[in-house]
Amino acid sequence: MQPDGMEIPRLIIAALRGGSGKTLLSIGIIAALRKLDNTIAPFKKGPDYIDAGWLALAADRPCYNLDSFLLSQEDNLHSFLYHSANRSLSVIEGNRGLFDGIDLAGSTSTAELAKLLHCPVVLCVDCTKITRTMAAVVMGCSLFDPDVMVKAVILNRVANLRHEKKLRDSIEHYCGIPVLGAIPKLDQQHFPERHLGLVPTPEHDWATDAIEAIANIAEQHLDLKAILKISQQAPGLKAESREQRAEDRGQRAEGRRQTAGGIDLRSENQSFYRESRIQHRVSSVKRIETSGQEPATSIPDKSGSPLR
């Protein structure tokens, strides 16, 4: 595992919404950087297993999920540090829109994960039928939460060079954020989709060829050196020790068990259980008396001790 405070090159590929092309972009960046002799630790935000399969194939190593809904922040951080050890950089594919979460505060969002990992964000934007307005959208994302580090933009589904120039000039002029590439509208569908998203890699006969094709597109249209440089600018991360994590989990579990809204749940549950057993005993005695049998003097409780 990486020592505390170790600098781990890393970045998150995020988007404005689902279907913007961040999976294709993440696969392309991972595969292209791997061809330059980098070892990549791939991660997928959320429980998605299909995208994770493609990311693993591109990196030629397992992809791990980071999920702030299913895991604690400490466990997400520990998993990220552990699986990033001895890698050139880590690439995390976000999900949905950058700030989309389960509540008003954006809990479980890609932005929340970016803040937890102090991770630079590369924003993938679908540029279909839009030019200067995209600068306003990117500026909104960069200012919405000052703790989220939107460091670069990559344009996707660009119509032509004139379209790309308008977008690039507007974003860099008004936002001060570099545009590190522009993926054109692709004539060929390398990654077939259905209702759940991409087709899983075992069902795609040309999966390896598709990875190679998108790696070539990334090499041709993205500034890979600049992307690598942004990942290397990420600050150091410090993780809690295993003992501290275990202690924190124990304290949280004890707190949930003991109290909820000021009520001692353990005491309340014990009282409820005892009263229920007493009521059951009374009912049993009445049934036995009605039948003419002799009632027992005690009934053992859950622990084996007589309940009188």
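## Pairing of strand 1

Strand 1 pairs with strand 4 (residues 89–93) in the parallel sense, over four bridges. Within this pairing, I13 stands opposite E93 of strand 4. The structure described here is a predicted model.

Strand 1 is also joined to strand 5 (residues 121–126) by four bridges, and these two strands run parallel. In this second pairing, A15 faces C124 of strand 5 as its opposite residue.

## Burial of strand 1

Strand 1 spans residues 10–15 and is mostly covered, with six of its six residues buried. In a regular strand, side chains alternate between the two faces of the sheet. For strand 1, one side carries R10, I12 and A14, while the other carries L11, I13 and A15. The residues on both sides are all buried, so that both faces of the strand are covered.

I13, the residue opposite E93, and A15, the residue opposite C124, belong to one side of the strand, together with L11.

## Packing of helix 2 against helix 7

Helix 2 (residues 50–59) and helix 7 (residues 207–221) have axes that come within 10 Å and cross at roughly 70°. Helix 2 is therefore roughly perpendicular to helix 7, because angles of 65 to 115 degrees fall in that class.

On the helix 2 side, the contact is made by W54, L57 and A58; helix 7 contributes A207, T208, A210 and I211. By residue class, the contact of helix 2 with helix 7 comprises six nonpolar residues, one polar residue and no charged residues.

Methods:
Residues numbered from 1 in each chain as written. Predicted model: local features only at pLDDT ≥ 70, side-chain atom pairs only at ≥ 80, totals over all residues. Heavy atoms only, no water. Buried < 20%, exposed > 50% of the residue type's maximum accessible area, 1.4 Å probe, protein only. Pairing = 2+ DSSP bridges. Axes fitted to C-alpha atoms, helices over the stretch in contact; angles between N-to-C directions. Parallel < 35°, antiparallel > 145°, perpendicular 65-115°, else oblique. Contact = heavy atoms within 4.5 Å. Nonpolar A, V, L, I, M, F, W, Y, C, P; charged D, E, K, R; others polar.
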